[in-house]
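Work through the exercises below with the structure open beside you. Try each task before reading its solution.

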Amino acid sequence: MVGNPSASFSVTLRVEISDSRLVGAITTVLAEAGGAITALDTVESRGERLVVDITCNAVDEEHASRLRSEVEAIEGVAVRAMSDRTLLLHLGGVLATESKVPLKTRDDLSMAYTPGVARVSLAIARDHGAARNLTIKRNSVAVVTDGSAVLGLGNLGPEAALPVMEGKAVLFKRFGDVDAWPVCLASQDVDEIVQAVRMIAPVFGGINLEDISAPRCFEVERRLREHLDIPVFHDDQHGTAIVVLAALLNALRVVEKRLDTAKVVVLGVGAAGVAIAKLLINEGVGNLIAVDRDGVLDPQSSSLDENRLWVAKHSNPDGVRGDLRTALQGADVVIGVSGPNLLTEGDLRHMAPDPIVFALANPDPEVEPSVARRVAPVVATGRSDEPNQINNVLVFPGFFRGLLDAGATKITEAMELAAARALAAIVTEDELSPAYIVPTVFNPAVAPTIAQAVEAAAK
């Protein structure tokens, strides 16, 4: 069993017990099997016979099934049912539409809809720009995917991507008060994706591309930015890059190193890796080396697409050639956005003193955090059960809030850098520590601070 129990694998066991004294036996068995009990509620009580609901966090689905088996093995105990709380949460979806205006009288109906709404349509027909003020456009974002790179799970298709896009929309609303809408397209053809988004664009004030695999995501974003007069943001690229830069600025403060003299290795040169490399280089990282499955990126390689070629040409000033271990020699920072278990403790010991390790592959990082901490004073992951979670939700709600408030028509690197610096600055000197280099997602200052920084850069 790898990992810690998590609410994402939370189950409720409905258990019938012949003797109330067996409750203690059940909780002991669950704890010994690695479960984390979060609630115990009595459903029925008749003498010594009890029916209880026991809610318990597991590590994964297999672990949850084993917890059930362990309880069923206790004499005098019967498991009536086991429910998956995450699946129950998503029954019917996690989104709904509600009206911002009351519809209680005929006058309300006449203004919100016909005949009064005709006046609004005519006003927009005279001036298309009026749609921003007179419709939902001014506060709405389309969360667009083709389902080709869903989380870390791969090409699952548009239907399987829908719950993720719903969740993204909920985060937009909760943290940025932005109305976001899932748009899952039944095509993975670049031309068709671009055309579909162009056709729905009049409704929205911004486009958030999500879970589209590389290298197609680069082309989709580039072409949409050329065609549309609203900002287009691929969160897997730029949201990740912004939060990584913010975290790195603070991590370097912890170990008392400088960005311009640090040697940084980026492991994984997909959508996120390319965006991280570009943003760090343009912010002034002195020595960045990008590594993919074939080793250090070679600008002479004919296999590199346009974006990876840019990284290859603008990185690695010393012309290092070879594999990951060669690149890590004397490195101050390694940023993994690749896959699980690609780094060992031995690899990390080839780095400079007091290295920084960002192992961001999710759910299984490039190196177990407990192993990395044997070598590195600052370790970050993408996981919620570890300190220093590098999570895009720190960025995109506030980033789009700022874009919409500014009425921005495009996204610039100046906005991205402003967002990263603002996010880093939220962590004060008193708060900064090896285990706290970025604020938590529930810090109320995060979204407003980023929004203000982006709006100022936009204007």
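Predicted model: local features only at pLDDT ≥ 70, side-chain atom pairs only at ≥ 80, totals over all residues.

**Exercise 1. The aromatic pair**

Task: Classify the ring pair of Phe172 and Phe400 as stacked, tilted or edge-to-face.

Solution. 
- Step 1. Rings pair if their centres lie within 6.5 Å. By this rule the count comes to five aromatic pairs.
- Step 2. The ring centres of Phe172 and Phe400 are 5.5 Å apart, and their planes stand at 75 degrees, so this pair is edge-to-face.
- Step 3. Locate both ends. Phe172 is in helix H7 (residues 158–176) and Phe400 is in helix H16 (residues 396–406), so the pair ties together parts 228 residues apart in sequence.
- Step 4. Check burial. Phe172 has 0% relative accessibility and counts as buried. Phe400 is buried as well, with a relative accessible area of 0%.
- Step 5. Widen the view. Ring pairs link Phe172, Phe233, Phe396, Phe399 and Phe400 into a cluster.

**Exercise 2. A threonine in a strand**

Task: Describe the surroundings of Thr12.

Solution. 
- Step 1. Thr12 lies in strand S1 (residues 6–17).
- Step 2. At 14% relative accessibility, Thr12 counts as buried.
- Step 3. List contacts, leaving aside neighbours within four places in sequence. Thr12 touches Asp53, Ile54, Thr55, Ala81, Met82, Ser83 and Arg85.
- Step 4. Look at Thr55 again. Its side chain makes a polar contact with the side chain of Thr12, at 3.1 Å.

**Exercise 3. Cis peptide bonds**

Solution. 
- Step 1. The bond joining Thr114 and Pro115 is cis, with omega about 5 degrees. Pro115 is in the loop between H4 and helix H5 (117–126).
- Step 2. The bond from Ala214 to Pro215 is cis, and omega is near 5 degrees. Pro215 is in the loop between strand S7 (206–209) and helix H9 (216–227).

**Exercise 4. The whole chain**

Task: Compare the radius of gyration of the chain with that of a compact globule.

Solution. 
- Step 1. For 459 residues, a compact globule would have a radius of gyration near 23 Å. The chain has 25 Å, which agrees.
- Step 2. The C-alpha atoms fill a box of roughly 75 × 75 × 45 Å along the principal axes.
- Step 3. Count the elements: the chain has 18 helices and 14 strands.
- Step 4. Of the 459 residues, 48% count as buried.
- Step 5. The chain exposes about 21700 Å², and carbon and sulfur atoms supply 52% of that.

Terms used: Residues numbered from 1 in each chain as written. Heavy atoms only, no water. Phe/Tyr/Trp six-rings, centres within 6.5 Å; stacked < 30°, edge-to-face > 60°. Helix = DSSP H or I, 4+ residues; strand = E, 2+ residues; numbered from the N terminus. Buried < 20%, exposed > 50% of the residue type's maximum accessible area, 1.4 Å probe, protein only. Rg over C-alpha atoms; globule rule 2.2 N^0.38 Å. Areas by Shrake-Rupley, 256 points an atom, 1.4 Å probe, with all protein chains shown as cover. Polar contact = N/O pair within 3.5 Å; in protein donor to acceptor, adjacent residues only side chain to side chain. Contact = heavy atoms within 4.5 Å.
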